[in-house]
Amino acid sequence: MSGNLDTNLLCAQGDAAEEAGDLERARRLFEQGAALNDTMCLMRLALIHDLGLGVPVNQPVALQLNLRAWRLGNAVAAQNIATIYRDAGREDRATLWYRRGAEAGDGDAAVELARRYLDGRGTERSPSEARKWLQFAIASKAWVSEGGVEEAIAQLERVRPTSIK
């Protein structure tokens with residue numbers, strides 16, 4: 001969870017600096033917020049290291065920062081961790097972290113977890129599990145994007161139980 005007004009301001013200033021192309025200033029601002037345990041600053045700093053924005057690409061640092069945000073209670077950090085594992089080809093670890101995010105209330109992580117159950121990526125294929133997580137994402141009121149809900153609705157059509165005649 002994000003901290004107080006000061007860390008929210010640091011994050012906002014970091015975002016503005018990044019958008020203006022001042023990656024060094026953005027990194028410094030996110031580092032200040034991260035030092036105060038602001039989870040949004042931790043995740044923004046992790047993204048800088050993950051993508052190599054003004055610094056060398058460093059997934060281990062990105063992973064460590066996201067893990068810290070997760071341990072501080074930010075459920076969305078689990079999806080970031082899952083993405084790092086996914087990009088490294090570690091599908092089983094990615095699925096584990098998408099599940100953790102979904103179980104913590106992240107609807108977008110639930111959509112990704114459902115995709116994995118539909119495709120059998122990092123887990124056994126299970127349309128019933130996919131259906132469960134898609135329904136969760138649609139019903140989720142927090143941490144789900146508009147695109148996530150739209151995708152969940154579309155994917156749910158793929159896994160509707162067929163009527164027996």
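Predicted model: local features only at pLDDT ≥ 70, side-chain atom pairs only at ≥ 80, totals over all residues.
## The largest pocket

Rolling a probe the size of a water molecule over the atoms shows where empty space is left. Here the largest pocket has a volume of about 190 Å³. Its lining includes M40, M43, A46, L47, D50 and L51. N66, V76, N80, T83 and I84 also line the pocket.

Two helices each supply at least two lining residues: α3 (39-51) and α5 (76-87). Helix α3 gives the most, with 6 residues. By class, the lining has 7 nonpolar, 3 polar and 1 charged residues.

## Helices α5 and α6

Two packed helices are described by the angle between their axes and the distance between the axes. Helix α5 packs with α6 (residues 91-103) at an angle of about 170 degrees. Their axes are 8 Å apart. Angles over 145 degrees count as roughly antiparallel, so α5 is roughly antiparallel to α6.

On the α5 side, the contact is made by A78, Q79, I81, A82, T83, Y85 and R86. On the α6 side, E91, R93, A94, W97, Y98, R100 and G101 take part. This contact has 7 nonpolar, 3 polar and 4 charged residues. T83 of α5 belongs to this contact and also lines the largest pocket.

## Helices α8 and α9

Helix α8 (residues 127-139) and helix α9 (residues 146-158) cross at roughly 145 degrees. Their axes come within 9 Å. The crossing is left-handed.

From α8, the residues in contact are R131, L134, Q135, A137 and I138. They meet V149, A152, I153, Q155 and L156 in α9. By class, this contact has 7 nonpolar, 2 polar and 1 charged residues.

Methods:
Residues numbered from 1 in each chain as written. Heavy atoms only, no water. 1 Å grid on protein atoms, 1.4 Å probe; cavity = no way out; pocket = protein on both sides within 12 Å on 5 of 7 lines; lining within 4 Å. Points joined across faces, edges and corners; volume = space filled by probe spheres on them. Helix = DSSP H or I, 4+ residues; strand = E, 2+ residues; numbered from the N terminus. Nonpolar A, V, L, I, M, F, W, Y, C, P; charged D, E, K, R; others polar. Axes fitted to C-alpha atoms, helices over the stretch in contact; angles between N-to-C directions. Left-handed = near helix turned anticlockwise from the far one by under 90°. Contact = heavy atoms within 4.5 Å. Parallel < 35°, antiparallel > 145°, perpendicular 65-115°, else oblique.
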